[in-house]
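Thank you all for making time this morning.

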Amino acid sequence: MIPTVRRRDFLLGFLMFRTAALIAGLVVTPAVAAEEVYLWAENMEISLGPGMAEEPFRNRTSAESLRNAIDLPAADAAEYHNQQTHVWVRGDPVRLEFDLLDAYDLIALHFWNYHSEGYDVDRIDLIFRDVDGNIVGDLTGLEPRLGNTRGSDSVPVTAETYPLAFNTQVRYVSAELSGSNGQTDWNNIGFTARLSAFGGGEDEGPGLMSPIQ
C-alpha cells in the first residue's frame, strides 16, 4: 500500500501531467501563408484563345509573340518596345488563354502597354476559372495606362499593376485585349499570386482595387 503522503504527491503529479498534455493538445500552430510568386513563362503557359487565327500577329510568328507576351521575370521589370519585344495584332481583339499550372489565389495583374495612343491596348477583359474549368470570377473594362510617359521607344515601358481583391482558387485565365482603333500592341502581361491551400478559403467574390501606378 502506497503511504498517504506519497500517494497524494503521485496523484498531484499525474494530474499536472494530464493538464499539461491537454493544454499542449489545444495549442494550434499558426498557419504559414504561402509566399507570393510572380507568374511568367517559367511557371505558366499561354496560348491563343477561341476564334483566333493561327498566325494573327503582324511581324512575328505566334510562337515568338506568345513567348514575348510573358517573358519578363518580375513585376517591376522594364523593357524597351521594339520589333523583337512587342506583341502586335491589327484588326480583331486578341484572345489569350493562360494556364497557371496549379491553383492560385491571385493578388495582382501586371500589364506592360504600348507607350503611345494609336496602337496601345485600350481595354482588357478577364475571366477566371478553377481547376475544373468552372468560372469563379471576371473583371471587365480595365483601361490600362500607356507604357511610358514619353511616348518613345527610347524609354522603357513599365507595368501598371492592378491589385485583385478576391481570394478564389484560380487555374485558368481567359483574356481579351482590344484597341479602340483596331490595333493592339503591348509588351508583357503577368500575375502575382500565392499557391492556394488545399481546399481553399472562403470566396470573397471577384473584385478589383485601384491600380498602382
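This is a predicted model: local features need pLDDT of at least 70, side-chain atom pairs count only at pLDDT 80 or more; totals for chains, interfaces and linings use all residues.

Residues are numbered from 1 along each chain as its sequence is written, and side-chain values use heavy atoms, with hydrogens and water left out.

The pLDDT is the predictor's confidence in each residue, from 0 to 100, and its mean over the protein is 84, with 76% of the residues reaching 70 or more. Helices (H or I, at least four residues) and strands (E, at least two) are DSSP runs, numbered from the N terminus; confidence is lowest in helix α1, residues 4-26, at a mean of 47, and highest in β2, at 98. Contact here means heavy atoms within 4.5 Å, and residues 199-206, where pLDDT stays under 50, have 10 contacts beyond four places in sequence in the model.

Now to the cores. A nonpolar core is a set of buried Ala, Val, Leu, Ile, Met, Phe, Trp, Tyr and Cys residues joined through side-chain atoms within 4.5 Å, where buried means under 20% relative accessible area, exposed over 50%, and partly exposed in between, with a 1.4 Å probe and protein chains only. The largest has 35 residues, and among those touching the most other members are F98, L100, F128 and W186. Strand β4 gives the most to this core, with 8 residues. Beyond its neighbours within four places in sequence, L100 is in contact with residues including L39, M44, V173 and F191.

As for pairing, two strands pair if DSSP finds at least two bridges between them. β5 and β8 pair in the antiparallel sense over 7 bridges, and I127 has S174 in β8 as its bridge partner. β5 also pairs with β6, again antiparallel, over 5 bridges, with F128 standing opposite G137. These two strands, β5 and β6, form a hairpin with 5 residues between them, and G133 in the turn has a positive phi of about 85°.

Which residue has a positive phi although it is not a glycine? That is L101, at about 70°, and it lies in strand β4, residues 94-113. At 39% relative accessibility, L101 counts as partly exposed.

Lastly, W40 sits in the loop between β1 and β2 and is in contact with I70, D71, L72 and P73, leaving aside its neighbours within four places in sequence.
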